[in-house]
Structure formats: structure tokens, C-alpha cells
Amino acid sequence: MAALRNLSTDSLLNHMVHTPKKHGVSADGTIAKTSTASSRPISVLFVCLGNICRSPMAEAVFRSITASDQRLGQIDSCGTGAYHEGHSPDPRTMSTLQDNGIVDYEHSARKIQVADFDTFDYILAMDNENAHDLMRLKTRVIKNKHAGLNKDKLSAKVMLFGDFGGKKGEQVADPYYGERNGFADAYEQMVRFSNGFVAQVLDAPK
């Protein structure tokens, strides 16, 4: 996927659909209930380039670790590009998940949507380039009042998922062109990052 990164912010914005495809899904796969601002569940979106390797793995692992946690609302994943839109995750992602006991995950790849920046509380990128693209998009969405989001501030906090892993700035290498052990390495990171998110965000003293 690294060879496909020559994207401009304008091209990403111009081809966005204004409403996300899969929303309202809680950590246990049920529909998240509407709640007050003080008790509103936290929504999380995981992002890589094509949404078939890293970000779906992150979503699946996070769902598994946080299953039935009522503090979480919508959980989803997407890509900054539409190269694999509508496709299932890479077979190596699925086999890695299955080897680790996650056997019920299903996903259809999608591209980041304008509305995601106001729907999710955390948008977690797999690497610095993903994070950079997302920050530029968020800035443009605010500047252009894009898709009816006439706001000076959007709810999404864009950051690296690896920031929750104990080593600030840790990235998840794209395993797409590599061997299967790259997927195993990514899985280990997703578990560590997910546990870090729970400790630092969900379990942190209020």
C-alpha cells in the first residue's frame, strides 16, 4: 500500500461521501444508545491507508478487548484511500485474528468520510503519514465548512494509535507487501495499544 500514498488533500475531500456507511455500532456489536453529554459513550475510528490490513485488525482487536464495555459507543475503521472500498480485510489479517481467537469479525472497507470528523471522539491513525493526511483533512473541513459542518471545532481528536502503546510516536508498519510475520507483529501492537487506550482513556481518573 505504500506505493499508493501520492494523494492530495483536495482529492480526498472531493471524493468523500458526506455520511459514513457504518455508524451506531457499539463495542459488542449492538446499536449504541443516545445518551447525555456527561455520559455519552466514547466513539473510536481506526484509520490506515486502504482499510484492509492494519485498521480492520485494530478495530477487531479493540472490539475483542473492550467487548460489552458500556463506556464505548461507535467503533469502526476506514482508510484514507478508496483502493479497496467494499472489499473484505486481507486474508492474512483475518487468519491472524482467527489464530488469536477472534473468529466473528466482518468488515467492508470504506474511505474516510467528512462526517467522521464530527461523529467520532478519537480518530486513531496507524502511522505518521495517515495522521498527517487526517489532520490536513480535518483542517480543510473546518476551513471550508465542508458538508454542512459549519463549525470552528470538530469533536474528533486525531492521533497515532501507537501513542497509547507506551512509546510515544510508535507506528504500525504496513504489512501489505511483506511476509505474514508482519501481520503477527501488527497484532501484538494492536493488543498493546488497545490495552493502553483502556488504561489511559477509559480507566483514567476523571
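**Chatting through strands and salt bridges**

Q: Hi! What does Asp203 count as at 47% relative accessibility?
A: Asp203 counts as partly exposed, because its relative accessibility is 47%. Buried means under 20% relative accessible area, exposed means over 50%, and partly exposed is in between (1.4 Å probe, protein chains only).

Q: What kind of model is this, and how are residues numbered?
A: It is a predicted model, where local features need pLDDT of at least 70 and side-chain atom pairs count only at pLDDT 80 or more, while totals for chains, interfaces and linings use all residues. Residues are numbered from 1 along each chain as its sequence is written, and side-chain values use heavy atoms, with hydrogens and water left out.

Q: Back to Asp203: which residue forms a salt bridge with it?
A: Arg71 does, with the closest N and O atoms 2.7 Å apart. A salt bridge here is a side-chain nitrogen of Lys or Arg within 4 Å of a carboxyl oxygen of Asp or Glu.

Q: What does that pair tie together?
A: Arg71 sits in the loop between H2 and S2 and Asp203 in the segment after helix H6 (181–202), so the pair ties together parts that are 132 residues apart in sequence. Helices (H or I, at least four residues) and strands (E, at least two) are DSSP runs, numbered from the N terminus.

Q: And how many salt bridges does the structure hold?
A: There are 14. One of them joins the side chains of Arg110 and Asp116 at 2.9 Å, N to O.

Q: Are Arg110 and Asp116 buried or exposed?
A: Both Arg110 and Asp116 are buried.

Q: How does S1 pair with S2?
A: S1 and S2 (residues 72–79) pair in the parallel sense over 6 bridges; two strands pair if DSSP finds at least two bridges between them. For example, Ile42 has Leu72 as its bridge partner in S2.

Q: How does the chain cross from S1 to S2?
A: It goes through helix H2 (residues 54–65), in a right-handed β-α-β crossover. Right-handed means that, with the strands pointing away from the viewer, the path from the first strand over the helix to the second runs clockwise.
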